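Good morning, colleagues. Please take a moment with the structure on the screen, and then I shall begin with the surroundings of the ligand.

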Amino acid sequence: MRAAIRTTCAYCGVGCGIAATPNPDGAGERTVAIRGDEAHPANQGRLCSKGTHLGETVALTGRLLTPMIGDRRASWDKALDLVARRFADTIARHGPDSVAFYVSGQLLTEDYYVANKLMKGFIGSANIDTNSRLCMSSAVAGHMRAFGEDVVPASYEDLELADLVVLVGSNTAWCHPIVYQRIQAARAARGAKLVVIDPRRTETCEGADLHLALRPGSDVALMKGLLAWLAAENALDREYLARHVEVPEGFWEELEATADLWTTAKTCDLDPQALLRFFELFRDNPRTVTVFSQGINQSIRGTDQVNAILNVHLATGRIGKPGAAPFSITGQPNAMGGREVGGLASTLASHMDFAPENVARVGRFWAAPQMATKPGLKAVDLFRAMGEGRIKAVWIMATNPAVSLPDAGRVREALAKCPFVVVSDVIAETDTGAHAHVRLPAAAWGEKDGTVTNSERVVSRQRRFMVLPGEAMPDWWIIKEVGRRMGWKGEFAYDHPADIWREHARLTAYQNDGPANGGRVLNLAGKAAIGNQAYEDMEPFRWGNCPDDRGPFADGQFSTPSGKARMVPVVQMALQDPLRDWPLTLNTGRYRDQWHTMTRTGLAPKLARHREEPLVEVNPGDAEVMGLGSGDLARVSTPQGESLFRVALSDGQRPGEIFTPIHWTDQTSTGGRTGLLPRPLVDPHSGQPGFKSTPARLARV
Ligand code: SF4
């Protein structure tokens with residue numbers, strides 16, 4: 001039996017280390033035994049159900065194994081020449097902003113870096129966005145506003161050192177299972193308190209000290225109420241505020257006028273006594289970590305919701321200290337790596353924005369012929385522009401927007417209209433690939449080499465342990481070959497992912513070199529000169545620790561021009577009463593054992609047992625009024641679309657609210673098509689869509 005190869009899980013942003021043993025006991029070429037990597041700091045040997053069954057997902061079932069032009073096989077040369085020529089022609093005729101890339105948190109950092117460099121430095125547009133826009137872009141915008149840099153100032157160890165863990169808008173037990181296990185193990189050992197703030201009573205609430213089932217969308221009111229109460233209780237850290245935080249004029253007066261306990265309880269539809277208990281727990285436990293996830297981010301006021309949480313932590317000095325931090329946990333395996341290289345249309349590279357000095361700095365570093373000078377189109381706007389004929393060529397990498405974007409029916413119409421659609425993917429038949437003029441076969445997990453960054457800023461290697469099947473190639477190779485064919489041979493002369501890593505690491509150091517930036521936390525200078533073998537052997541490491549090994553901001557220095565963090569005034573959005581024609585509110589999310597559109601988890605039969613089909617979860621009282629019983633088929637309709645689901649009664653649902661899962665597609669089901677239902681409304685700062693509260697109705701079929 002071959003030795004185990006240490007790699008990183010293909011799924012969520014927890015970023016668990018895996019020991020993969022290919023061909024165990026001579027079982028065959030594409031077999032692998034999986035166990036948790038005891039030496040990895042994220043999971044210390046643990047794996048959740050998805051990670052445990054990864055070995056069942058590496059067969060070639062459904063794989064795209066050759067380049068395809070239309071329905072015909074093509075050579076790599078022919079396919080790449082065509083992609084380069086069509087992009088160049090489109091740019092020549094309509095300008096750089098007529099083309100776009102839409103990429104993914106499934107890409108490795110090296111893939112992301114090359115795509116970002118090609119679009120922003122050489123094509124000259126920032127029309128490169130990522131499906132991470134749907135996941136955590138509100139956290140990015142919130143961090144930038146408060147800290148001056150997109151830094152998550154927490155680690156999983158902080159969860160174990162905290163006396164109070166607050167989980168907001170996060171079904172951690174299902175969506176980040178190893179984080180949840182670490183929290184529960186620490187609670188058992190140390191007796192820390194756990195508060196869950198979520199409209200739904202999920203498995204995460206089991207065993208919690210308190211569950212606040214607040215009204216959807218009222219998180220700003222809740223956090224403002226907490227801050228106002230702490231101020232009235234004299235429980236703020238006035239010294240920290242004075243030394244390390246900028247507070248806008250009128251901030252406290254507005255807070256005092258709008259956020260007393262009773263008003264907060266009413267706005268959030270919560271029992272005032274339960275709310276007071278939470279406030280007291282917060283006051284009495286300075287070691288607090290507030291974990292937030294999609295329930296906060298996926299809102300049309302997601303950025304304000306993020307800053308409402310950050311405000312509380314800044315005002316109480318609960319940041320940069322062991323066991324005290326706000327903690328955005330990330331959905332995808334490499335959403336954080338994408339953020340580091342500037343994979344979002346709204347960021348440049350190495351945590352920089354589009355300030356002219358940053359554009360000039362990156363332009364010099366890349367020797368770029370035409371730098372993008374302003375942010376590009378964010379995901380929802382990008383596909384809207386495509387529907388309006390403004391995007392004339394698009395390259396979609398490792399993601400399936402025809403399923404995952406809100407109002408997915410309109411996204412399909414946009415793709416159908418787009419003159420040139422390229423899809424590079426692992427899977428042959430996807431809802432998005434059905435619209436592609438060219439499909440390019442990408443290497444899958446276990447076949448490609450590179451790095452990922454998890455939610456706690458730990459960079460880990462994903463390592464190859466299987467041969468590339470058919471003609472599949474790594475994403476970075478495909479992108480750089482197109483760049484070379486567009487005329488930038490020397491600038492995209494990468495032979496190995498380590499070449500790209502070194503350039504990325506050098507850029508993070510270069511952007512910190514000089515007074516203009518005041519020094520950012522992201523700085524990989526120590527890894528910028530490593531050789532290929534050192535890259536191969538790279539152990540997981542966390543970036544952004546202070547010199548004395550404490551976390552970011554431990555010294556009270558933030559990445560703003562003044563060096564101080566910023567309190568951000570936030571306003572609770574008006575909450576609508578139910579509409580006559582759309583009396584329900586639709587919330588969407590994940591199942592425990594499935595991932596995205598099930599192209600991988602769907603290959604592991606045991607994972608299907610947890611939930612065999614897509615269910616609409618309905619409060620029993622609502623179901624009775626509508627004449628629905630458990631197991632009935634029902635149609636969920638919204639102004640955007642409709643789909644069938646099987647009814648499941650759940651008293652974890654608040655009255656008037658329903659929940660559906662995101663995983664099912666045209667390829668897997670005739671119903672359960674959640675992507676057709678949400679509104680394409682986005683947060684004004686981050687552009688992140690609000691998936692959590694769509695007006696809907698439900699009818700028996
Ligand atoms: Fe993989 Fe996430 Fe499960 Fe860890 S918690 S094994 S990273 S899916």
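This is a predicted model: local features need pLDDT of at least 70, side-chain atom pairs count only at pLDDT 80 or more; totals for chains, interfaces and linings use all residues.

Sorted by class, the shell around the ligand comprises 9 nonpolar, 4 polar and 1 charged residues. In total, 14 residues surround the ligand, and the closest are C9, C12, C16, C48 and G51. In terms of domains, at least three residues of the shell come from domain 1 (5-57), and at least three from domain 3 (137-329).

Let me turn to strand β22, residues 615-618. Is this strand covered on one face or on both? Both faces are covered: L615 and E617 are buried on one side, and V616 and V618 are buried on the other. As for its partners, β22 runs parallel to strand β24 (residues 642-649), with 4 bridges between them. Within that pairing, V616 lies opposite V647 of β24. Strand β25 (residues 657-661), by contrast, runs antiparallel to β22 and is joined to it by 2 bridges. Here E617, one of the buried residues, has F659 of β25 as its bridge partner.

My last item is a separate set of strands. An open sheet of 3 strands has the order β17-β18-β19, with antiparallel pairing. Its edge strands, β17 (450-453) and β19 (541-542), each pair on one side only. Between strand β18 (residues 458-462) and β19 there are 2 bridges, and V459 stands opposite F541 in β19.

Thank you; I welcome your comments.

How values were computed
Residues are numbered from 1 along each chain as its sequence is written. A residue is near a molecule or strand if its C-beta atom, placed from the backbone, lies within 6 Å of it. Ala, Val, Leu, Ile, Met, Phe, Trp, Tyr, Cys and Pro count as nonpolar, Asp, Glu, Lys and Arg as charged, and the others, Gly among them, as polar. Domain bounds come from an automatic or database domain assignment. A residue is buried if 20 or more other C-beta atoms lie within 10 Å of its own, exposed if 12 or fewer, and partly exposed in between; C-beta atoms are placed from the backbone. Two strands pair if DSSP finds at least two bridges between them.
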